[in-house]
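This report describes selected local features of one protein model. The reader is asked to keep the sequence and the structure in view while following the text.

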Amino acid sequence: MPTIETRNDRCAACNLCVLACSFHHEKAFGRRGASIDIVKNEREGEVEIVILDDPQTGRRACDGCVNEEAALCVTWCPVGALLAREN
Ligand code: SF4
Ligand code: SF4
């Protein structure tokens, strides 16, 4: 299973990765179904990409897009802020 690496400095906070991830898990679009969060600090103007890996949060953990041809969040990120690295 690949590990998803993040480049916060590239992220445009478009949330396409969140939608792609929820589609992978649930064939529906929504933040609750995704294993990825985009956290914006409005005051500082910074963005943090958070990959959830602990199912105890009540959210789905990243499964590396098992059964997909490629990690959908990586495929759909338009700016290369996500990278799948094989372990
Ligand atoms: S690799 Fe798949 S399951 Fe993991 S965060 Fe990306 S879209 Fe979600
Ligand atoms: S798709 Fe890429 S640019 Fe858009 S929110 Fe996700 S990581 Fe950031």
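In which loop does Lys 27 lie? Lys 27 lies in the loop between helix H1 and strand S2 (36-41). The model is a predicted one, and every value in this report is computed from it.

**Lys 27 and the aromatic pair**

Lys 27 is not a glycine, yet its phi is positive, at about 55°. Because its relative accessibility is 55%, and exposed means over 50%, Lys 27 counts as exposed. Lys 27 also lies over the face of Phe 23, at 5.2 Å from the ring centre.

The structure holds one aromatic pair. Its members are Phe 23 and Phe 29, whose ring centres are 5.5 Å apart. The planes of the two rings meet at 20°, and planes under 30 degrees apart count as stacked, so the pair is stacked. Phe 23 has a relative accessibility of 33% and therefore counts as partly exposed. Phe 29, at 61% relative accessibility, counts as exposed.

Ligand 1 sits in the largest cavity. The residues around ligand 1 include the cysteines Cys 21, Cys 62, Cys 65 and Cys 73. His 24 and His 25 also belong to this group, together with Ile 4, Asp 63, Gly 64 and Ala 71. Which helix gives the largest share of this shell? Helix H1 (residues 16-26) does, with three residues. By class, the shell around ligand 1 is made up of six nonpolar, three polar and one charged residues.

**The surroundings of ligand 2**

Ligand 2 sits in the second largest cavity. How many residues surround ligand 2? There are 14, and the closest are Cys 11, Cys 14, Asn 15, Cys 17 and Cys 77. The shell around ligand 2 divides into 13 nonpolar residues, one polar residue and no charged residue.

**Loop residues**

Ala 13 is found in the loop between strand S1 (3-6) and helix H1. Its phi is near 55°, which is a positive value in a residue other than glycine. Is Ala 13 buried or exposed? The relative accessible area of Ala 13 is 17%, and buried means under 20%, so Ala 13 is buried.

Gly 33 has its place in the loop between H1 and S2. With a relative accessible area of 4%, Gly 33 is buried.

Asp 54 lies in the loop between strand S3 (46-51) and helix H2, and Pro 55 is likewise found in the loop between S3 and H2. Asp 54 is partly exposed, with a relative accessible area of 35%. Pro 55, in contrast, counts as exposed at 53% relative accessibility.

Val 79 lies in the loop between helix H2 (72-76) and strand S4 (82-85). At 35% relative accessibility, a value between the cut-offs of 20% and 50%, Val 79 counts as partly exposed.

**Separation along the chain and in space**

Each of the pairs below is described by two values: the number of residues between its positions along the chain, and the distance between the C-alpha atoms.

| Pair | Apart along the chain | C-alpha distance |
|---|---|---|
| Val 79 and Cys 14 | 65 residues | 10.0 Å |
| Gly 33 and Arg 59 | 26 residues | 6.9 Å |
| Pro 55 and Ser 35 | 20 residues | 9.3 Å |
| Asp 54 and Ser 35 | 19 residues | 9.3 Å |

The table can be read together with the sections above. Gly 33, which is buried, has its C-alpha atom 6.9 Å from that of Arg 59.

Key: Residues numbered from 1 in each chain as written. Chains lettered and ligands numbered in written order. Predicted model: local features only at pLDDT ≥ 70, side-chain atom pairs only at ≥ 80, totals over all residues. Heavy atoms only, no water. Near = heavy atom within 4 Å. 1 Å grid on protein atoms, 1.4 Å probe; cavity = no way out; pocket = protein on both sides within 12 Å on 5 of 7 lines; lining within 4 Å. Sits in = over half its atoms within 2 Å of the grid points. Nonpolar A, V, L, I, M, F, W, Y, C, P; charged D, E, K, R; others polar. Phe/Tyr/Trp six-rings, centres within 6.5 Å; stacked < 30°, edge-to-face > 60°. Buried < 20%, exposed > 50% of the residue type's maximum accessible area, 1.4 Å probe, protein only. Lys NZ or Arg CZ within 6 Å of the ring centre and 35° of its normal. Helix = DSSP H or I, 4+ residues; strand = E, 2+ residues; numbered from the N terminus.
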